[in-house]
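Let's take a friendly walk through this structure together. Have your viewer ready and follow along.

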Amino acid sequence: MEIRPVSREEFPAFLGVFNRAMGFPPASENMLEVWRSGARVPERSLAAFDGEQMVGTVYSHDFELTLPGATQIGAAGVTAVGVLPTHKRRGILTELKTCQLREAKQRGEAVAILIASESVIYGRFGYGVSSFLFDYEIDTRFGAFRPDLPEGGGRVVFVDEETADKVFPEVYERWWKQQPGAIPRTDEWWGSVRAERKPGADAHVIYEADDGSIEGYIRYSTRSKWTAGLADSTIAEQDFVTITERARLPLWRHVLDVDLVRSVHMGGQPVDDPIRWWLANPRALRVTRYGDFFWTRILDVVRALEARRYRLDGEVVLGIDDALLEENSGRYALRIEEGVRRCERTDAAADIALPIASLGSLYLGGVTASDLATGGQVRELTPGAIAKCDAAFSSDRKPWSATWF
């Protein structure tokens, strides 16, 4: 099989192969235009060819990823991974993924991230699940908050689409730079939202603080329904971003208080959303899905570990095994002093031993070394090293992204 980047003229065929591999419908004209425009870079694509036929695809975005401590690192955002069903089990995916990871490392990207279509695929390529999400559903009849919650200021306001098109990106830009696991949204991303929405179909709501600053927003749709003469409508969240808790609480309160609505569905929300602790009857908050979200692959151990901040001073030696990018295998001393970090190779004995995929899971602070050790993915070689890693790698916010790719 020939493995090579595709040209811009080949992007429609590239999308066609990916969509067929995934069982998706053909790409919309809007999506084709996005790929034909300068928003996609041919050099970041790879395709496998059986003779003249394109049979496999991978692509990666050039992202920044926010890390614990509100620092950022360049990341390859892997997407469009597919092999035609007529050519599976031939090692094509392995060739594509290996080439892609090596090219990303050569470009200077220290990590790669993806959202997995199947969770059994990517561990063998060194990816570890690093963030999670909840889908929530709540019956509004049980949506009362605890009576002891303090009264908040500010106000919740409907805005028109033109205002939302200006304000939402501004709020998001402030938010993603402080949220571990978040990625930026491009003008092209926001343009796709505008192109695909039906005018007037969604509600756009903001939270404005007393000082006039806008600290959060929610976009949602309402499905009107009446059952035997009784209102039985549903709200479905489309985009929900808040910079502060004082913005999140009143926006939650808003969707639970909309007249004639019986059920509120909030998809892909952070696992540490405080709504559970605000409700008078927290059992009424149904988690309809607890799923993996981002998978992280460490490409450059030293650069990746030095990029984020840590919550415990000290030193730990990591013994890392990377079967795919063997140059990463070895022992690394991670030294942290007042949150400042230094990582270098060492000949010292390892305190813990772990595969590169487990380091990817630890990286964003959403998975603990203790959990990985219980699951047999981390071995403690020095007593107390697991507890030290639990504290150091933890994050004050669980990693999460409001953006899929």
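Contact here means heavy atoms within 4.5 Å. With that in hand, R40 touches R8, F11, V34, W35, Y59, H61 and E188, not counting residues up to four places away in sequence. This is a predicted model, in which local features need pLDDT of at least 70, side-chain atom pairs count only at pLDDT 80 or more, and totals for chains, interfaces and linings use all residues. Residues are numbered from 1 along each chain as its sequence is written, and side-chain values use heavy atoms, leaving out hydrogens and water.

Where does R40 sit? Its place is the loop between helix 2 and strand 2; helices (H or I, at least four residues) and strands (E, at least two) are DSSP runs, numbered from the N terminus. R40 counts as buried because its relative accessibility is 7%, where buried means under 20% relative accessible area, exposed over 50%, and partly exposed in between (1.4 Å probe, protein chains only).

F11, one of the residues that R40 touches, belongs to helix 1 (residues 11–22). The buried residues of this helix are F11, F14, L15, V17, F18 and N19. Their cover includes helix 2 (29–36), strand 2 (45–50), strand 3 (53–67) and strand 4 (71–83). After helix 1 comes G23, with a positive phi near 75°.

Seven strands form an open sheet in the order 8-9-10-13-14-7-15, with mixed pairing; two strands pair if DSSP finds at least two bridges between them. Strand 8 (155–158) and strand 15 (286–292) are the edge strands, each pairing on one side only. Strand 7 (residues 132–139) runs antiparallel to strand 15, joined by 6 bridges, and F134 has Y290 as its bridge partner there.

Definitions and conventions
Expected span 1.5 Å × (residues − 1).
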